[in-house]
Amino acid sequence: MTEEQERLYDKTKSFYRDVLLKQIKDEGLQKSRFSVLQGLTKLRQLANHPSLCEEGYTGDSGKMEAVLEKLETVLEQHHKVLIFSQFVQHLNLIKKALDERGIAYAYLDGSTLDRKGQVESFQKDDGQSVFLISLKAGGVGLNLTAADYVFLCGRENSSLAATQEGFSLRISHVRREYLTRLERGRGTRFIKLKS
């Protein structure tokens with residue numbers, strides 16, 4: 001995370017901790033479940049990009065910077081990349097950054113009408129090298145064997161991570177694949193899945 005992003009994250013975490021401790025004490029854990037989920041979702045959004053939940057945020061996002069930096073390196077080596085996010089708004093921010101850089105991409109979320117066309121445009125050797133996929137839309141029935149790399153954005157939720165990792169392991173069984181986990185914090189981990 002950037003310093004500004006981390007300050008906002010820590011401030012929000014402290015706010016929700018204080019609110020939840022009081023609410024749980026007053027009303028019990030069962031009646032506080034919605035507030036717990038609300039706080040966790042907001043923290044995950046802040047870790048991805050603060051503009052997902054902070055209107056008017058103009059600062060940077062460490063995760064976005066890491067995605068774009070690694071993506072540039074991978075594309076220079078003529079690899080194909082899948083980028084997953086649970087948040088469609090996050091994919092839209094990545095789309096905007098790719099558009100600004102003139103990088104073509106395939107895109108799939110719940111509103112995509114030509115699902116087959118997006119998949120085919122990525123699968124072709126001369127097709128797009130980047131495929132942005134929302135987790136809900138991309139979790140079923142895709143055959144994406146052209147992918148060399150998988151970037152998982154939003155791994156803070158362990159059930160989401162298991163779904164993303166399981167899906168990414170199924171999609172690319174022909175080519176070399178690397179799974180890039182973009183986790184909360186200042187760094188990223190690159191894990192070689194197979195070669």
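Analyst: One term before we start: buried means under 20% relative accessible area, exposed means over 50%, and partly exposed is in between. At 34% relative accessibility, Lys13 therefore counts as partly exposed. Keep in mind that this is a predicted model.

User: What does Lys13 meet in a salt bridge?
Analyst: The side chain of Asp10, at 3.9 Å from N to O. Both lie in helix α1, three residues apart, which is about one turn of the helix. Asp10 is partly exposed too, at 30%.

User: How many salt bridges does a search of the whole structure find?
Analyst: Four. Another one of them joins the side chains of Lys42 and Glu54, at 3.2 Å. That pair links distant parts of the chain: Lys42 is in helix α2, while Glu54 is in the loop between α2 and α3, 12 residues apart.

User: And Glu120, which side chain does it meet?
Analyst: That of Lys116, at 3.8 Å. Lys116 counts as exposed at 59%, and Glu120 as partly exposed at 43%.

User: New topic: which residues form the negative surface patch?
Analyst: Glu4, Asp60, Glu65, Glu69, Glu72 and Glu76. Helix α3 gives the most, with four residues. Asp60 lies in the loop between α2 and α3.

User: Last one, how many helices and strands are there?
Analyst: Seven helices and six strands. Also, buried residues make up 46% of the 195 residues.

Note on methods. Residues numbered from 1 in each chain as written. Predicted model: local features only at pLDDT ≥ 70, side-chain atom pairs only at ≥ 80, totals over all residues. Heavy atoms only, no water. Patch = residues over 30% accessible without salt bridge, like charges linked within 9 Å, V, L, I, M, F, W, Y side chains within 5 Å. Areas by Shrake-Rupley, 256 points an atom, 1.4 Å probe, with all protein chains shown as cover. Lys, Arg positive; Asp, Glu negative; His and termini not counted. Charge placed at Lys NZ, Arg CZ, Asp CG, Glu CD. Helix = DSSP H or I, 4+ residues; strand = E, 2+ residues; numbered from the N terminus. Buried < 20%, exposed > 50% of the residue type's maximum accessible area, 1.4 Å probe, protein only.
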